[in-house]
Amino acid sequence: MRQLLDSHGEKVNSVRSNLALCFQKLGQPEGTIYHCEQLLSDKKCLIDDEKLKVKVLYRRAWAFCEINEFEKCKRDISSVLKLDKGNCDALKLKGVLESKIKDNNRDMSTKLRGLFRSS
């Protein structure tokens, strides 16, 4: 019976991971976050497979980057790199994140300067 549950749990994890990927491919980060968080927080479906955990954390990091949740994105990238130091996708996303943070800071600085000039 235990093997049947373990096998079922792996299938559920795989389906949830694939749903997160589908939302990522559709450009819908909120759906990606939802399915990743379901997978990472469900005590009944603990992720034992380290490769799957890396995929799920990366997908959620991508989604956080898309919606400008930079600190959450950093956290997930860091978790991915702790599990897989040479993960190319996470390293690329880290570069994208750094660029987005710089752009965001520049935009914010420009807006603030404009706000104080108009006073």
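The model is predicted, so local features need pLDDT of at least 70 and side-chain atom pairs count only at pLDDT 80 or more, while totals for chains, interfaces and linings use all residues. Residues are numbered from 1 along each chain as its sequence is written, and side-chain values use heavy atoms, with hydrogens and water left out.

His 35 is placed in helix H2 (residues 29-41); helices are DSSP runs of H or I with at least four residues, numbered from the N terminus. His 35 counts as buried because its relative accessibility is 14%, buried being under 20% relative accessible area with a 1.4 Å probe and protein chains only. Leaving aside residues up to four places away in sequence, His 35 touches Arg 16, Leu 19, Ala 20 and Phe 23, where contact means heavy atoms within 4.5 Å. The C-alpha atoms of His 35 and Val 56 are 8.9 Å apart, although 21 residues separate the two along the chain.

Helix H2 also packs against H3, at an angle of about 145 degrees and with the axes 9 Å apart. Axes here are lines fitted to C-alpha atoms over the stretch in contact, and angles run from 0 to 180 degrees between N-to-C directions. Residues in this contact include Ile 33 and Leu 40 of H2, and Val 56 and Trp 62 of H3.

Asn 68 lies in the loop between helix H3 (50-66) and helix H4 (70-83). Its phi is near 60 degrees, a positive value in a residue other than glycine.

Key. Helices (H or I, at least four residues) and strands (E, at least two) are DSSP runs, numbered from the N terminus. Buried means under 20% relative accessible area, exposed over 50%, partly exposed in between (1.4 Å probe, protein chains only).
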